[in-house]
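Subject: A structure for you to look at

Hello,

I am handing over the structure below, and after it you will find what turned up when it was searched. Please keep it open beside this message while you read.

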Amino acid sequence: MRITAVEPIIVEVPTREPVKGVHGVTSVQRSVLVRLATDRDVVGWGNVDPSPGYTLMSANEIHAAIRSLAPVLAGQDVMNLTVALATMDRALTNAYEAKAAIEMALCDAKARVLGIPVHVLLGGAARSEIPLNAWIGTVPPEQAAAEALIWLERGFRSAKIKLDGADPAGIQRVAAVRDAVGSRMALRVDFNESLPMADAISFIRQLEPYDLTLVEQPLARDRIADMAVVRRGIGIKLMADESVVGPASLIDIIRREAADIVKVKVMKQGGLTPTIEMVQIAAAAGLGVVIGHGFGLTLSTLAEATVAAVCPAVLDGCEAVGPLKMAADIVDEPAVLDRGVIRLGNRPGFGVEIDPRALARVRGM
C-alpha cells in the first residue's frame, strides 16, 4: 500500500473559556492535521497542537514543513514505518512536530488496513484506562481552590498548578489548593521555564510543606547543568519537560542527573514510535515518565493515551486533557474525559472518524 498524498490542514478551534498560563492567555488553538491518502483508498489522519511560547514551531511552520515532506514520501510503503521515518529524517533534521503529525497518520492508516487499533499495532496495551491529570492556571488562590474541588468531584485524583516565576502568589495558590483538597489529590507544579536560577532552590523549598509529587521545568530549557544543581538542592522530585527534545537531550539529562522524571509528548518527540523509544531510554535509566500536552484535539490525545497504554513505565496522571479545553473538535466522537480517565477502544486505527462538517467549520487553510 503506497502513499499517494500527504495534505496538511490548519484548524482554528476556540477554547471553552480563555486559559491563562505562563505564556499568556489562550482562547483559540491553532492545530495542524495531516490527511494521508493511499492507493487502496485507506486514509490515515494525524494531528499536532502547537502552543505559542512552548512549541518550537508555529502552526504555519509545521504546515510548511509537512508540505515539503510530502513529495519525498510519495510512493512510500505505508506499512513500513521504519523507512518512512528515516526518509523524513534525511529530508529535515528537526521539524519534530511535522514528522509527528505524519507518523501519526501513517500509524492510523496502517492499523486501519490491518483492522486493528493502533495500540495493538504498537505491541498491545498494558492498560485500557489511563488516569488523567487536571490543570489549574495562574489564577487567584481562591479560584484555584474552587477549581481543584470541581476537578476532585469529577473524579480527577491529580492536578497540575501553574506557577509564574518567583511570584509569592504561586505559593499562596498551592497552599490554597492543598488546603481545599487535603490528601485526596496528588499535586504537581509547573513553572514553564519561568524561575530565575538565583531564586530557584530557595523558592522551591518553600513549596515542600505542600506534599508535591513533582516540580516541572523551573529553568530555561537549555540550562541542563543548572537543573542538576536545583535537583540536588530541593526535596521534591524534579521533572524536565521543555528540556527534553530528541534522544541526545534525554541522554544529557540522564548523564548530568538533572531530573528524577521526564515528560514526553508525541508532538515534541516526533511521533509515537520515537516517543516510545524515549520512554524506554528513560525507564532504563531509572527515571519516571509523564506523557501529555496541555492543549489538543481528540486525535493527538488518543495518540498520547496510546503511548501511555503501551508503556508500563509511564506514570499515572497523563496530561493529555486538551479536549476538555476545546469548544469543538474535528472527529465524530470526541474523547470523553469527564471522569478523570481516558479509555482506549478496539476500533481500527485511532478509533475515530473525521467529521467533514466539523472540519469545515474550523478549517483555517
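The second largest cavity is lined by 14 residues, and those nearest its centre are D49, H293, S300, T301 and E304. A cavity here is a set of points, on a 1 Å grid over the protein atoms alone, where a 1.4 Å probe fits but cannot get out, and lining residues have an atom within 4 Å of a point. The elements that give two or more residues to this lining are β3 (43–48), α10 and α12 (298–310), with α12 giving the most, three residues. Helices (H or I, at least four residues) and strands (E, at least two) are DSSP runs, numbered from the N terminus. About 90 Å³ of space lies in this second largest cavity, where a volume is the space filled by probe spheres set on the points, and grid points are joined across faces, edges and corners.

This is a predicted model, in which local features need pLDDT of at least 70 and side-chain atom pairs count only at pLDDT 80 or more, while totals for chains, interfaces and linings use all residues. Residues are numbered from 1 along each chain as its sequence is written, and side-chain values use heavy atoms, with hydrogens and water left out.

Helix α3 (residues 96–114) has 19 residues and reaches 27 Å from its first C-alpha to its last, close to the 27 Å expected at 1.5 Å a residue, the expected span being 1.5 Å times one less than the number of residues. This helix is mostly covered, since 16 of its 19 residues are buried, that is, under 20% relative accessible area with a 1.4 Å probe and protein chains only. After α3 comes G115, whose phi is positive, near 75 degrees.

Helix α6 (residues 168–181) has 14 residues and reaches 21 Å, close to the 20 Å expected. Its buried residues include I171, V174 and V177, and at its start a side-chain oxygen of D167 reaches to within 3.0 Å of the backbone nitrogen of A169. The residue that follows α6 is G182, which has a positive phi, near 60 degrees.

Best wishes

Notes:
Buried means under 20% relative accessible area, exposed over 50%, partly exposed in between (1.4 Å probe, protein chains only). A polar contact is a pair of N or O atoms within 3.5 Å; within protein, one must be able to donate a hydrogen and the other to accept it, and residues adjacent in sequence count only if both atoms are side-chain atoms. On a 1 Å grid over the protein atoms alone, a cavity is a set of points where a 1.4 Å probe fits but cannot get out, and a pocket is an open set with protein on both sides within 12 Å along at least five of seven lines; lining residues have an atom within 4 Å of a point.
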